[in-house]
Amino acid sequence: MYFDAASTAPLHPVARQALTAALDEGWADPARLYRSGRQARMLLDAARETVAAVLGARPDEIAFTASGTQAVQLGLLGALAGNRRRGGHFVHSAVEHSSVLHVAERREADGGEVSVAPVDRTGRVDPAAFGALLRPDTALAALQSANHEVGTVQPVGEVAALCAEAGVPLLVDAAQSAGRVDVPAGWSLLTASAHKWGGPPGVGVLAVRKGVRYASPLPADEREGGRVPGYVNVPAIVAAAASLRAVRAEADRENARLHALVERIRARVPRLVPEVEVVGDPVRRLPHIVTFSCLYVDGEVLLTELDRAGFAVSSGSSCTSSTLTPSHVLAAMGVLTEGNVRVSLPYGTAEADVERFLAVLPELVAGVRAPLGLDLPAPRPEPESEPAAEESPLVIDALGKRCPLPVIELAKRIGEVPLGGTVAVLADDEAARLDIPAWCGMRGQEYAGEAPAAEYGGDRGSAYLVLRRS
């Protein structure tokens, strides 16, 4: 069972089809004027338009790179060079991908200054704290759209507003979120990576808004707007664009399904395995990622045991785990950095696969801990009334009703679903977005986020999902 989509997603069927066709039609040099060159150019232009439409950019703002890491590093170095007259100060969060950290290290080595915005225990940046680091000589800021290790979604919109007010360009690394959720607004530069959304490896995306000062850190080249030198891989780019469009079209439906599966893991692992902490924001998170840390367990050993049982997951820092160094993300959050497991579900993951994972995990963890001779508490039994598999949610239609009526309807009817069951409250009053999560916190229920109301039979508004826990 492949549960490591955050590292790289399986190739989407649409990507495979598009790649095969483009190898026949788009193999020529798109810079040439003969027929096969023009054909390759048409395919490249169409792919650029598709990617731009999904990411909310103009086609001429999009450049293709050889990887997401290259896109981040070219974006950072180019924006820093373009804004060098403003100053040499660079701001980023403490949980950025290693590609950002390496640029920051070079920046400091070259005499520049770097400020790091801290995160809370869920891995989320405080916009006010981030904004307080901006200075008159700040040349660039960087903030990921969502964290690659724990799935926490960052407040990009709020940070972007503060950067805009200070006149500082903001680079947003959208590697984990592109294709899955809407691209956050307010970015000056945006990067993404095709193999994260089911496209082929070897294709990254660098988007630079018109008007943003950018100076290529590499020697001049006429391709990709002068930002990325070298010959472009047209077939791979075509496949990347086709798969991006496909996964975005599937995202709303599949996100709701994966969100429920991840919620099942988040809720049941602490009951099944003693001395475990589930980390990351429980609400403001990507739908497919969950990370938990086990006391008294070596993460690499546990990964080996899970691999033997047929499960591919990751541990430690997803971008530096081969070095066996502690995760800088988990360290910045102040949570356990040892014995951590990241499960990231690809599109199409079956409920039965998740159930099998939950069935084998307790025994594997116990086996790893056994030589230590620890007297650990027994796993808490799961309530008999909680279903092993997700049942159809109870839908409460509160469309057209003003708060607190949607909350009142929820309170009246949540007892109709069993423990672990889901209630979908359809509402078009914006206050429900605040009131329903607040009610869940007060009443011991679990808020599971929102989805388009159309997925639950509504014609407008949103569906607010609540899991019954008490």
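**Briefing: helices and sheets in a predicted model**

Among the elements that cover the buried residues of helix α1 is α8 (234–272); contact here means heavy atoms within 4.5 Å, and buried means under 20% relative accessible area, with exposed over 50% and partly exposed in between (1.4 Å probe, protein chains only). This is a predicted model, in which local features need pLDDT of at least 70 and side-chain atom pairs count only at pLDDT 80 or more, while totals for chains, interfaces and linings use all residues. Residues are numbered from 1 along each chain as its sequence is written, and side-chain values use heavy atoms, with hydrogens and water left out. Helices (H or I, at least four residues) and strands (E, at least two) are DSSP runs, numbered from the N terminus.

**Helix α1**

- Helix α1 covers residues 13–25, and its 13 residues should span 18 Å at 1.5 Å a residue; the expected span is 1.5 Å times one less than the number of residues. The end C-alpha atoms of α1 are 19 Å apart, which agrees.
- Ala15, Ala18 and Ala22 are the buried residues named in α1. They cover an arc of only 70 degrees around the axis, so they sit on the same side of α1; the arc is that of the directions from the helix axis to the C-beta atoms.
- On the face of α1 turned away from the buried side are the exposed residues Pro13, Arg16, Gln17 and Asp24.

**Helix α2**

- Helix α2 (residues 35–55) has 21 residues, which should span 30 Å at 1.5 Å a residue, and its end C-alpha atoms are 30 Å apart, in agreement.
- The buried residues of α2 include Gly37, Ala40, Leu44, Ala47 and Arg48. Thr50, Val51, Ala52 and Leu55 are also buried.
- The cover over the buried residues of α2 includes α1, β1 (62–65), β6 (189–193), β7 (204–208) and α8.

- Arginine 271 lies in helix α8 and counts as buried, because its relative accessibility is 14%.
- The side chain of arginine 271 reaches the backbone oxygen of alanine 267 at 3.5 Å.
- Glutamate 355 is in helix α11 (residues 351–369), and its relative accessible area of 19% makes it buried.
- Between glutamate 355 and glycine 421 there are 66 residues in sequence and 16 Å in space, C-alpha to C-alpha.

**The four-strand sheet**

- Four strands form an open sheet in the order β11-β12-β14-β13, with mixed pairing; two strands pair if DSSP finds at least two bridges between them.
- β11 (394–397) and β13 (446–452) stand at the edges, each with a single partner strand, so one side of each has no neighbour in the sheet.
- The twist averages 25 degrees from one strand to the next; axes are lines fitted to C-alpha atoms, for helices over the stretch in contact, and angles run from 0 to 180 degrees between N-to-C directions.
- β11 and β12 run parallel and are joined by four bridges, and leucine 394 has valine 423 in β12 as its bridge partner.
- β13 and β14 (residues 462–467) run antiparallel and are joined by five bridges, and glutamate 450 has tyrosine 464 in β14 as its bridge partner.
- Six of the six residues of β12 are buried, so β12 is largely enclosed by the rest of the structure. Thr422, Ala424 and Leu426 are buried on one side of β12, and Val423, Val425 and Ala427 on the other.
- In a regular strand the side chains alternate between the two faces of the sheet.
- Helix α12 (residues 405–413) lies across β11, β12 (422–427) and β14, at about 145 degrees to β11.
- α8 lies across β13 and β14, at about 170 degrees to β13.

**The three-strand sheet**

- A further open sheet has three strands in the order β8-β9-β10, with antiparallel pairing.
- Its edge strands are β8 (276–279) and β10 (340–344), each of which pairs on one side only.
- The twist in this sheet averages 25 degrees from one strand to the next.
- Four bridges pair β8 with β9 (residues 289–294) in the antiparallel sense, and glutamate 277 stands opposite serine 293 in β9.
- α8 lies across β8, β9 and β10, at about 15 degrees to β9.
- Helix α9 (residues 299–308) lies across β9 and β10, at about 45 degrees to β10.

Definitions and conventions. A polar contact is a pair of N or O atoms within 3.5 Å; within protein, one must be able to donate a hydrogen and the other to accept it, and residues adjacent in sequence count only if both atoms are side-chain atoms.
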